[in-house]
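Student: Could we go through this structure together? I would like to begin with the helices and then turn to the core.

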Amino acid sequence: MNDLLIGLLSALVATNPPAAVSNLVQKKTGLSIPVADVNDPVERAYRQLMADDDIAQAEVDGWYKERNRFGGTQTDVEKATLNLRIKHRFEPIVKGYEDFLAAHPNHVNARIAYGSFLNDIGEEPSAEVQWNKALEIDPKTPATWNNLANFYGHNGNVKKSFEYYAKAMELEPTEPVYVQNFATTVFLFRRDAMEFYKITEQEVFAKAMGLYRKALSLDPENFKLAAELAQTYYGVKPPKFDDTNATRQAELKLADEALAAWRAAQKLSSNELEREGIHLHFARWQINTARYEEARKNLAAVTNDLWAASKKTLLTKLNSRESATTATNVTVKAIESPK
């Protein structure tokens with residue numbers, strides 16, 4: 001137990017809070033786990049263990065927030081003090097899981113939960129061990145396949161993660177998180193997806209979009225899902241034609257589809273910051289398709305300082321494109337109407 005705690009502590013204070021170890025995928029775990037008899041004393045002990053886990057992680061997360069609120073650089077003594085505090089707080093959780101699994105080694109849900117705890121605190125290899133043991137005990141629990149897919153995607157074995165997400169979806173086709181994680185991994189690791197599925201990059205984007213749409217159909221009120229679907233349009237390339245007008249129409253068609261996706265996401269947004277962020281996406285597509293007046297209106301709707309840098313970049317791009325277009329139009333007009 002002590003070796004495990006010493007190992008995990010090296011990753012704690014120097015990184016993000018335990019609940020945000022990786023931004024690769026959502027990494028939601030413990031989903032679609034069969035519900036057992038709550039009156040069973042073993043199940044009551046298991047549920048108490050998970051409750052203790054949640055309370056401990058929430059406390060540690062609070063310590064991180066408290067530290068970050070004061071800002072500044074921590075001294076070595078302060079880091080060591082926080083490390084020791086975390087060690088003491090997590091010790092009974094580690095012991096609780098290990099004691100429970102020593103008594104009930106085939107308890108799949110407990111192994112999944114312990115793996116999730118280890119994963120959350122940055123001890124990912126140990127989490128993989130627990131999830132693989134859960135898989136050996138019961139290969140029909142989809143949460144295990146999803147969690148291992150998350151692990152492999154984050155640790156370099158992306159092609160294996162594709163297989164594991166597909167298996168999780170096969171076992172539980174109505175769980176949107178599995179589909180969303182799969183879509184995100186396909187989208188982020190396009191080269192691996194091209195090699196694994198033997199498809200082109202544009203076909204990879206189409207596959208990711210299809211997965212996001214499936215996930216959104218299962219969870220239609222999910223803003224993050226809708227935004228991720230809209231985000232994939234940035235990778236799509238419109239077809240090119242010999243006819244300039246046909247190429248222009250293809251570009252406009254793609255932009256209209258992307259704008260529609262962002263409008264759908266905007267309807268699901270829950271706060272003004274999210275809505276202003278979507279105005280930036282509107283403007284970006286409008287600038288790229290020479291709809292400068294519309295773009296300027298959308299940028300004017302962005303007032304939060306958190307978006308100031310992005311707004312400034314887009315305004316610079318808008319002014320540059322607009323000036324270039326004006327100059328081109330003047331030149332063309334001069335050629336068509338010589339004195």
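**Helices and core**

Tutor: Just after H13, alanine 290 adopts a positive phi of about 60 degrees. Please keep in mind that this is a predicted model.

Student: How far apart are the end C-alpha atoms of H13?

Tutor: They are 25 Å apart. Helix H13 covers residues 272–288, and its 17 residues should span 24 Å at 1.5 Å a residue, so the two values agree.

Student: What caps the N-terminal end of H13?

Tutor: Asparagine 271 does, with a side-chain oxygen 3.1 Å from the backbone nitrogen of leucine 273.

Student: And which residues of H13 are buried?

Tutor: Among them are Glu276, His279, His281, Ala283, Trp285, Gln286 and Ile287.

Student: Moving on, where is alanine 295 found?

Tutor: Alanine 295 belongs to helix H14, residues 292–300.

Student: Is alanine 295 buried or exposed?

Tutor: Alanine 295 is buried, because its relative accessible area is 0%, and the cut-off for buried is under 20%.

Student: Which residues does alanine 295 touch?

Tutor: Leaving aside residues up to four places away in sequence, alanine 295 touches Ala283, Gln286, Ile287 and Leu318. The C-alpha atoms of alanine 295 and alanine 283 are separated by 4.2 Å, although the two residues are 12 residues apart along the chain.

Student: What caps the N-terminal end of H8?

Tutor: Glutamate 175 caps that end of H8, with a side-chain oxygen 3.0 Å from the backbone nitrogen of valine 177.

Student: What span should H8 have?

Tutor: At 1.5 Å a residue, the 13 residues of H8 (residues 176–188) should span 18 Å, and the end C-alpha atoms are 18 Å apart, so the values agree.

Student: Finally, the core. Which residues have the most contacts inside the largest nonpolar core?

Tutor: They are Phe117, Val186, Trp262 and Trp285, within a core of 72 residues. A second, separate core of nine residues includes Ala295, Leu299, Val302 and Leu314.

Student: What does phenylalanine 117 touch?

Tutor: Not counting residues up to four places away in sequence, phenylalanine 117 touches Asp53, Gln57, Phe90, Ile93, Val94 and Tyr97.

Definitions and conventions
Residues are numbered from 1 along each chain as its sequence is written. This is a predicted model: local features need pLDDT of at least 70, side-chain atom pairs count only at pLDDT 80 or more; totals for chains, interfaces and linings use all residues. Side-chain values use heavy atoms; hydrogens and water are left out. A nonpolar core is a set of buried Ala, Val, Leu, Ile, Met, Phe, Trp, Tyr and Cys residues joined through side-chain atoms within 4.5 Å. Buried means under 20% relative accessible area, exposed over 50%, partly exposed in between (1.4 Å probe, protein chains only). Contact means heavy atoms within 4.5 Å. Helices (H or I, at least four residues) and strands (E, at least two) are DSSP runs, numbered from the N terminus. The expected span of a helix is 1.5 Å times one less than its number of residues. A polar contact is a pair of N or O atoms within 3.5 Å; within protein, one must be able to donate a hydrogen and the other to accept it, and residues adjacent in sequence count only if both atoms are side-chain atoms.
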